[in-house]
Amino acid sequence: MGDSQYSFSLTTFSPSGKLVQIEYALMAVGSGQTSLGIKAANGVVIATEKKLPSILVDEASVQKIQPLTTNIGVVYSGMGPDFRVLVRKSRKQAQQYFRLYKEQIPVTQLVRETAAVMQEFTQSGGVRPFGVSLLVAGFDDDGPQLYQVDPSGSYFSWKASAMGKNVSNAKTFLEKRYTDDMELDDAVHTAILTLKEGFEGQISGKNIEIGIIGTDRNFRVLTPAEIDDYLAEVE
Amino acid sequence: MSRGSGSGYDRHITIFSPEGRLFQVEYAFKAVKASGITSIGVRGKDSVCVVTQKKVPDKLLDQTSVTHLFAITKYLGLLATGMTADARTLVQQARNEAAEFRFRYGYEMPVDVLSKWIADKSQIYTQHAYMRPLGVAAMVLGIDEENGPQLFKCDPAGHFFGHKATSAGLKEQEAINFLEKKMKNDPAFSYEETVQTAISALQSVLQEDFKATEIEVGVVRKENPVFRVLSTEEIDEHLTAISERD
């Protein structure tokens, strides 16, 4: 990728051994809108703020949480356009796997391949790292899983995690509230409460997005009406 | 050659600055404003209207060749605000893509699909060093079979959103403030109201009354879903209606 004139890596080591472009990419993630994920005993929930630049924007045209396969979904913090590229590549990789093995791709495999793409962009010529961190939620034969992938391409499995602007408060809140035997519904309530913590303005079904996957192994994004119902329960 | 150290090339190519910003992308936004014109788009109940200033800098120029409104297909229009040369290359590629889409899939390329394609292309320029971002903000309009009238705006960063109304160019923020007040209660504008809101927004923000030859207006309507550029006579009718109303 890139022109031959740029066949040198733009991400190089500093004298102290750091890859500064990756650190800067993480800054871009840290200034993005808050998102979080919680793994329950019987499912996973991911959620994000959906703050749009103006009331003139048609919020129905924006969907920050995207399905990658029928049983895997993803949310991001950071740069939206970079996220779209990763979604497209991941979906293609999932389909290629299915074509070859006639089986749904396991969550760990898809995460690994997506992370490999992100790593490539930290080493290849003429490109910059992705300015997004991803939270991948899936349910396969190994049960419910939640992974976080960073711009460097490193990934970890999490019981609960948060990213973006309010990350430290959100993580502290999650650490207090998380229990291993949480049910999916409880996890959704906790996710909403966590978002509420750092939320500026009135929270509603129109300015947050929530995606869930349960034992039915069907990832879906909640409608604004469903989110409003959960919000009412939380009040 | 110092690379990626934060003081070096982060302003010259699209690599991250120490705060995690992409300066080249931010400069591209400034280039859109530097063109000196403002554009406005408004979506009504069953129509979409876009308006832009028509500044002909030299009397010797052929006015008919000065335009920012382009038909991508018979049904899709694109208003390009910013650097005209970048706009022309974008339009050329969009026309090609829309034609191939029609050939490949057998139906017309929808508004949101074209917008996404433009935005994804713009994203590539923000990530690969060998091409700079385009200094163009593109407003795409059309009538979607399932969702009705659609107005999308794509910017140099690769973002794209659907809009009820939007603006681009020099007085972008003032225009958006004006439009937010007008569209606060989700009005469902008729065709005439849509066009007049767009034109009067431009007049209010630039604080001048236009002659029909000083602005360009493009529309799509549900009853006639082709993209059409209004003639000077039609623009005059709307301008008269606005001044009589006030």
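Q: Leaving aside its neighbours within four places in sequence, which residues is Ala188(B) in contact with?
A: Contact means heavy atoms within 4.5 Å. With neighbours within four places in sequence set aside, Ala188(B) is in contact with Lys45(B) and Glu193(B). Ala188(B) belongs to the loop between α4 and α5 of chain B; helices (H or I, at least four residues) and strands (E, at least two) are DSSP runs, numbered from the N terminus.

Q: What conventions apply to the model and its numbering?
A: This is a predicted model, in which local features need pLDDT of at least 70 and side-chain atom pairs count only at pLDDT 80 or more, while totals for chains, interfaces and linings use all residues. Residues are numbered from 1 along each chain as its sequence is written, chains are lettered from A and ligands numbered from 1 in the order in which they are written, and side-chain values use heavy atoms, with hydrogens and water left out.

Q: What does the span of helix α5 of chain B show?
A: The expected span of a helix is 1.5 Å times one less than its number of residues. Helix α5(B) covers residues 191–206, 16 residues, and reaches 23 Å from its first C-alpha to its last, close to the expected 22 Å. Just after this helix, Gln207(B) has a positive phi of about 50°.

Q: Is α5(B) mostly covered or mostly uncovered?
A: Burial is set by relative accessible area: under 20% is buried, over 50% exposed, and in between partly exposed (1.4 Å probe, protein chains only). In α5(B), 13 of the 16 residues are buried, so the helix is mostly covered.

Q: Where does Ser35(A) lie, and is this residue buried or exposed?
A: Ser35(A) lies in strand β1 (residues 35–40) of chain A. Ser35(A) counts as buried because its relative accessibility is 0%. Not counting residues up to four places away in sequence, Ser35(A) touches several residues, among them Ala47(A), Val75(A), Leu135(A) and Met163(A).

Q: What polar contact does the side chain of Ser35(A) make?
A: A polar contact is a pair of N or O atoms within 3.5 Å; within protein, one must be able to donate a hydrogen and the other to accept it, and residues adjacent in sequence count only if both atoms are side-chain atoms. The side chain of Ser35(A) makes such a contact with the side chain of Ser77(A), at 2.9 Å.

Q: How many salt bridges does the structure hold?
A: Side chains of opposite charge can pair when their charged atoms come close. The rule asks for a side-chain nitrogen of Lys or Arg within 4 Å of a carboxyl oxygen of Asp or Glu. Over all chains, the structure holds 20 salt bridges.

Q: Where are Arg104(B) and Glu100(B), which meet in a salt bridge?
A: Both lie in helix α2 of chain B, 4 residues apart, about one turn of the helix. Arg104(B) is partly exposed at 47% relative accessible area, and Glu100(B) is partly exposed at 34%.

Q: Which parts of the chain does the salt bridge of Lys164(B) and Asp186(B) link?
A: The closest N and O atoms of this pair are 3.6 Å apart. The pair links distant parts of the chain, 22 residues apart: Lys164(B) is in the loop between β7 and β8 (165–169), and Asp186(B) is in the loop between α4 and α5 of chain B. Lys164(B) counts as buried at 15% relative accessibility, whereas Asp186(B) counts as exposed at 53%.

Q: How is the interface of chain B and chain A described?
A: The size of an interface is often given as the accessible area lost when the parts come together. Buried area here is that loss (1.4 Å probe), summed over both parts. Chain B and chain A bury about 3,100 Å² between them, 61% of it on carbon and sulfur atoms. In contact are 39 residues of chain B and 38 residues of chain A.

Q: How many salt bridges and polar pairs cross the interface, and which elements of chain B take part?
A: The rule finds 3 salt bridges across the interface, one of them between Arg84(A) and Asp120(B) at 2.7 Å, N to O. There are 14 residue pairs in polar contact between the chains, both residues at pLDDT 80 or more. On the side of chain B that touches chain A, the elements giving two or more residues are α3 (111–127), β7 (160–162) and α4 (172–182). The largest share, 6 residues, comes from α3(B). The residues of that side divide into 17 nonpolar, 14 polar and 8 charged; Ala, Val, Leu, Ile, Met, Phe, Trp, Tyr, Cys and Pro count as nonpolar, Asp, Glu, Lys and Arg as charged, and the others, Gly among them, as polar.

Terms used:
Buried area is the accessible area (1.4 Å probe) that two parts lose on being put together, summed over both.
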